[in-house]
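User: I am new to this structure and would like to learn how to read its features. Please take me through them one at a time.

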Amino acid sequence: MAKVLGLGGVFFSCADHEATKAWYARVLGMEPDADGGLAFLHGDSAAMFQQGARTVFAPFPDASYFAPSTAPFMLNLIVDDLDAILARAAAEGVDEVQPREEHPYGRFGWIMDPDGRKLELWQPPQA
């Protein structure tokens, strides 16, 4: 039977897409590719987090977990150093929107992007 192999991309509108791309590059270290997108190479995350790197596709019963965003979704981004990313975000004036958490499956922090989308930053445990 044919099946979906993975998430090919996330596409969203922004009030100022150039400013949003610049924010993601400056605050989260994501560099735009030749086409202007911010691509993830699966090999990079798999090399670091062989047991933890994956894309979760999960319908939620309600959007309360995404607060304070009013968007009906949240982006979960795999990071290699949660503390360093959040320190850089703080230096850029970006506040954490809830306390960090640590679980057997990784560490988490949450911030908002400039368009009001909640970002869950996930540092999987080292393999």
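Analyst: Start with burial: a residue is buried under 20% relative accessible area, exposed over 50%, and partly exposed in between, with a 1.4 Å probe and protein chains only. Trp122, at 6% relative accessibility, therefore counts as buried. This is a predicted model, in which local features need pLDDT of at least 70 and side-chain atom pairs count only at pLDDT 80 or more, while totals for chains, interfaces and linings use all residues. Residues are numbered from 1 along each chain as its sequence is written, and side-chain values use heavy atoms, with hydrogens and water left out.

User: How are aromatic pairs read, and how many does the structure hold?

Analyst: A pair of aromatic rings is described by the distance of the centres and the angle of the planes. Rings of Phe, Tyr and Trp (its six-membered ring) pair if their centres lie within 6.5 Å; planes under 30 degrees apart count as stacked, over 60 as edge-to-face and the rest as tilted. The structure holds 7 such pairs. In one of them, Tyr105 and Phe108 have ring centres 5.8 Å apart and planes at 65°, so the pair is edge-to-face. Tyr105 is partly exposed, at 46% relative accessible area, whereas Phe108 is buried, at 8%.

User: What kind of pair do Phe108 and Trp122 form?

Analyst: Their ring centres are 6.4 Å apart and their planes are at 10°, so this pair is stacked. It links distant parts of the chain, 14 residues apart: Phe108 is in strand 3 (residues 106-112) and Trp122 in strand 4 (residues 118-123). Strands here are DSSP runs (E, at least two residues), numbered from the N terminus. Ring pairs link Tyr105, Phe108, Trp110 and Trp122 into a cluster.

User: Which way do the residues of strand 4 point?

Analyst: Lys118, Glu120 and Trp122 point one way, and Leu119, Leu121 and Gln123 the other. With 6 of its 6 residues buried, strand 4 is largely enclosed by the rest of the structure.

User: Which strands are joined to strand 4?

Analyst: Two strands pair if DSSP finds at least two bridges between them. Strand 1 (residues 75-78) runs parallel to strand 4, with 4 bridges, and Leu75 has Leu119 as its bridge partner there. Strand 3 runs antiparallel to strand 4, with 6 bridges; the partner of Ile111 in strand 4 is Leu119. Strand 3 and strand 4 form a hairpin with 5 residues between them, and Gly116 in the turn has a positive phi of about 85°.
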